[in-house]
Amino acid sequence: MGPGIQASFTWSKSIDTTSEVLGGTGSTGAVASGFSQNPYDTHPEKGPSAFDATDSFGLSLAQDLHFQSLNFLRPISRKVTFGWELLSISSISSGAPFTVFSGIQQTGAGSNGVDRPNQIAVPHLSTARANRQDYFGEGGDNGGDFFSTPIHVAGGTGPNQGVFGTLGRNSFRGPAYYDYDFALIKDTPFGERRSGAERVDLQFRSEFFNLFNIVNMGLPGNILQVDRDTGQIQKNTGFGEISKTAGNSRQIQFSLKLIY
């Protein structure tokens with residue numbers, strides 16, 4: 001029988017003013033927070049949810065291999081050639097959103113660590129460069145080339161005489177995620193199907209997770225480091241660079257299952 005093919009594509013958009021992925025996003029390299037920059041005005045917090053995945057594609061395949069029908073395998077016992085099946089599940093999804101934080105208390109209000117800077121240029125986010133982990137593309141200048149921190153300004157408040165930044169929440173997205181899983185299965189029946197008898201199947205499974213060993217990059221460092229005296233964004237701090245991966249490397253497992 002087969003092949004059995006099922007494909008799906010989902011386009012979605014989830015927008016809110018605060019959300020966090022259960023367990024946080026620290027495991028993928030970026031820091032997240034559920035607090036508002038300005039507790040008196042949550043309108044600027046409106047943006048993509050932390051769990052939003054705009055595009056998601058899935059493909060599954062099931063195919064009986066019919067080795068017993070191949071002429072050059074006819075001399076081999078049918079117990080060996082019968083019952084082989086190939087399964088495949090593949091998925092591709094767009095990257096998770098993340099917020100850039102200024103790393104400094106800009107005003108006299110709000111929670112510490114959630115202030116955002118102003119954006120002064122548009123970065124070209126990519127992991128297709130020779131240096132894949134440099135997601136923003138400017139190395140040590142990732143911060144200063146794209147952002148400025150509004151502190152020591154007229155009318156500013158707090159210890160750093162600043163105002164709230166204009167950059168939105170979850171304004172950027174991390175790299176896309178790819179996963180290709182395969183399984184090769186062999187069912188070997190024992191016994192006969194007759195009244196009062198029970199057939200037993202011995203199933204051998206070889207499973208390959210992330211078969212092509214694709215390195216899925218995590219989220220980049222998302223906290224700027226600012227000189228409190230000058231307001232200048234410091235260089236070579238790891239901002240905009242990816243230091244962790246998302247998901248596992250290739251994993252292979254073999255198993256035997258008795259089905260009765």
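Is E45 buried or exposed? In this predicted model, E45 is buried, at a relative accessible area of 1%. That value falls under the 20% limit, so E45 counts as buried.

**E45 and its surroundings**

E45 sits in the loop that runs between β2 (15-16) and β3 (47-48). Its side chain reaches the backbone nitrogen of Q37, at a distance of 3.2 Å. Apart from residues up to four places away in sequence, E45 touches D16, T17, F35, S36, Q37, N38, R116 and R169.

**Other loop residues**

The loop between β8 (147-148) and β9 (172-173) holds N160. The side chain of N160 reaches the backbone oxygen of Q105 at 2.7 Å. Neighbours within four places in sequence aside, N160 is in contact with I104, Q105, I151, H152 and R228.

Q161 also lies in the loop between β8 and β9, and N170 lies in the loop between β8 and β9 as well. Most residues other than glycine have a negative phi. Q161 has a positive phi of about 50° and is not a glycine. For N170, likewise not a glycine, phi is positive and near 50°.

M217 is placed in the loop between β11 (200-209) and β12 (251-259). Not counting residues up to four places away in sequence, M217 touches T127, R132, Q133, P175, I242, K244, T245 and A246. M217 and L65 are 152 residues apart in sequence, and their C-alpha atoms are 35 Å apart in space.

N112 belongs to the loop between β6 (97-98) and β7 (118-119). N112 and T188 are separated by 76 residues in sequence and by 62 Å in space, C-alpha to C-alpha.

| Residue | Relative accessible area | Class |
|---|---|---|
| N112 | 65% | exposed |
| N160 | 5% | buried |
| Q161 | 39% | partly exposed |
| N170 | 9% | buried |
| M217 | 11% | buried |

N112 counts as exposed because its 65% is over the 50% limit.

**The nonpolar core**

In soluble globular proteins, nonpolar side chains tend to be buried together. Here the largest nonpolar core has 18 residues. Those with the most contacts inside the core are F98, V100, F136, F147, F172, L224 and F239. With neighbours within four places in sequence left aside, F147 is in contact with V100, P117, N118, Q119, I120, F136, N142, L167, F172, L224, I233 and F239.

**The second largest pocket**

Which residues lie nearest the centre of the second largest pocket? They are D64, F82, G83, W84 and D187, out of a lining of 13 residues. The pocket contains about 230 Å³ of space. Two strands, β5 (84-93) and β10 (177-190), each supply at least two residues of its lining. By type, the lining residues of the second largest pocket comprise five nonpolar, three polar and five charged.

Key
Residues numbered from 1 in each chain as written. Predicted model: local features only at pLDDT ≥ 70, side-chain atom pairs only at ≥ 80, totals over all residues. Heavy atoms only, no water. 1 Å grid on protein atoms, 1.4 Å probe; cavity = no way out; pocket = protein on both sides within 12 Å on 5 of 7 lines; lining within 4 Å. Points joined across faces, edges and corners; volume = space filled by probe spheres on them. Helix = DSSP H or I, 4+ residues; strand = E, 2+ residues; numbered from the N terminus. Nonpolar A, V, L, I, M, F, W, Y, C, P; charged D, E, K, R; others polar. Buried < 20%, exposed > 50% of the residue type's maximum accessible area, 1.4 Å probe, protein only. Polar contact = N/O pair within 3.5 Å; in protein donor to acceptor, adjacent residues only side chain to side chain. Contact = heavy atoms within 4.5 Å. Core = buried A, V, L, I, M, F, W, Y, C linked by side-chain atoms within 4.5 Å.
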